[in-house]
Amino acid sequence: MSYCKHCKVEILDETDTCPLCKNILTDEEGVFHGSVNYPDVTKRKKLISRALSIITFLVVSISIISVYINYTTSQQIWWSLIVVGSLLYVLWILSLSAREAGYLHRIFVTVLGAVLLVALIDWVTGFHRWSINFVLPGAMLLVDVIFIVLMIVNHKNWQGYMLFQLLMILVAFIPLGFIHYHVVTHPLVSEIAILSAIIVFLGTLILGGTTARTEMKRRFHI
């Protein structure tokens with residue numbers, strides 16, 4: 001254990017300099033009274049990295065075993081792909097949590113992963129198109145509702161969500177393309193989701209007034 005005389009903290013990490021003030025540390029135990037422990041951040045990151053490595057190994061192992069069993073027993077339905085996709089989704093979410101990403105990024109990644117997983121299940125089970133008819137636009141509507149709630153809760157920084165609202169409009173081109181090429185067989189929910197994304201953004205831009213327009217100029221330098 002090392003000590004920083006300047007900051008009066010005990011450093012648990014293995015380092016020669018203080019992470020706070022960059023001064024050289026001393027090995028003299030009890031060099032001062034009432035020192036505060038500095039968290040061993042490196043050790044925690046190593047434990048998380050080791051845990052993710054173990055989980056990754058288990059995911060790969062179970063995936064290989066599932067594909068092998070599926071291949072050797074029955075190839076009529078590739079249920080093993082659902083198992084592999086589900087495990088990868090869980091690993092994806094755990095990795096995202098370990099990286100301590102922002103909550104908006106987590107929302108997008110979590111919802112995107114869920115939609116892809118559901119689309120995979122739909123495809124494996126015969127592609128009845130319920131994933132693109134209902135789940136994809138339903139997820140878009142859910143994200144729009146989450147944005148509205150977050151803007152109300154975090155009303156002092158509501159303009160910070162405008163960029164993500166624009167991103168949702170870009171995402172809306174996916175179901176719009178599905179409708180154009182007749183991939184979607186029940187377009188009503190997709191149409192509602194597309195209109196919702198546009199209305200939420202325009203509502204924020206119009207009701208936000210000068211603050212909203214200033215935010216857009218700041219983001220896009222126009």
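Helices H4 and H7 each supply at least two residues of the lining of the second largest pocket. Helices here are DSSP runs of H or I with at least four residues, numbered from the N terminus. The model is predicted, so local features need pLDDT of at least 70, side-chain atom pairs count only at pLDDT 80 or more, and totals for chains, interfaces and linings use all residues. Residues are numbered from 1 along each chain as its sequence is written, and side-chain values use heavy atoms, with hydrogens and water left out.

Stay with that pocket. A pocket is defined on a 1 Å grid over the protein atoms alone: it is an open set of points with protein on both sides within 12 Å along at least five of seven lines, and lining residues have an atom within 4 Å of a point. The second largest pocket holds about 160 Å³ of space. Volume means the space filled by probe spheres set on the grid points, which are joined across faces, edges and corners. Its lining is made of Ile148, Met151, Trp158, Val200, Gly203, Thr204, Leu207 and Gly208. H7 gives the most, with five residues. By class, the lining has five nonpolar, three polar and no charged residues. Ala, Val, Leu, Ile, Met, Phe, Trp, Tyr, Cys and Pro count as nonpolar, Asp, Glu, Lys and Arg as charged, and the others, Gly among them, as polar.

Now turn to the largest pocket. Its volume is about 340 Å³. It is lined by 17 residues, and Leu112, Val115, Leu136, Val171 and Ile174 lie nearest its centre. H3, H4, H5 and H6 each supply at least two residues of this lining. Of the lining residues, 16 are nonpolar, one is polar and none is charged.

H4 takes part in both linings. What does this helix look like? H4 covers residues 130-153, 24 residues in all, and reaches 33 Å from its first C-alpha to its last. That is close to the 34 Å expected at 1.5 Å a residue; the expected span is 1.5 Å times one less than the number of residues. Several H4 residues are buried, including Leu136, Met140, Val143, Phe147 and Met151. Buried means under 20% relative accessible area, exposed over 50%, and partly exposed in between, with a 1.4 Å probe and protein chains only. What covers the buried residues of H4 includes H3 (103-124), H5 (162-171), H6 (173-180) and H7 (188-220).

Next come the aromatic rings. The whole structure has four aromatic pairs. Rings of Phe, Tyr and Trp (its six-membered ring) pair if their centres lie within 6.5 Å; planes under 30 degrees apart count as stacked, over 60 as edge-to-face and the rest as tilted. Phe108 lies in H3 and Phe164 in H5, so the pair ties together parts that are 56 residues apart in sequence. Phe164 also pairs with Phe147, with centres 6.3 Å apart and planes at 50°, so this pair is tilted. Phe147 is in H4 and Phe164 in H5, 17 residues apart. Phe108, Phe147 and Phe164 form one aromatic cluster.

Phe164 counts as partly exposed, at 24%.

Finish in helix H1, residues 41-73, where Ser63 has its place. Ser63 is buried, with a relative accessible area of 10%. Leaving out residues up to four places away in sequence, Ser63 touches Val84 and Leu87; contact means heavy atoms within 4.5 Å.

How values were computed: On a 1 Å grid over the protein atoms alone, a cavity is a set of points where a 1.4 Å probe fits but cannot get out, and a pocket is an open set with protein on both sides within 12 Å along at least five of seven lines; lining residues have an atom within 4 Å of a point.
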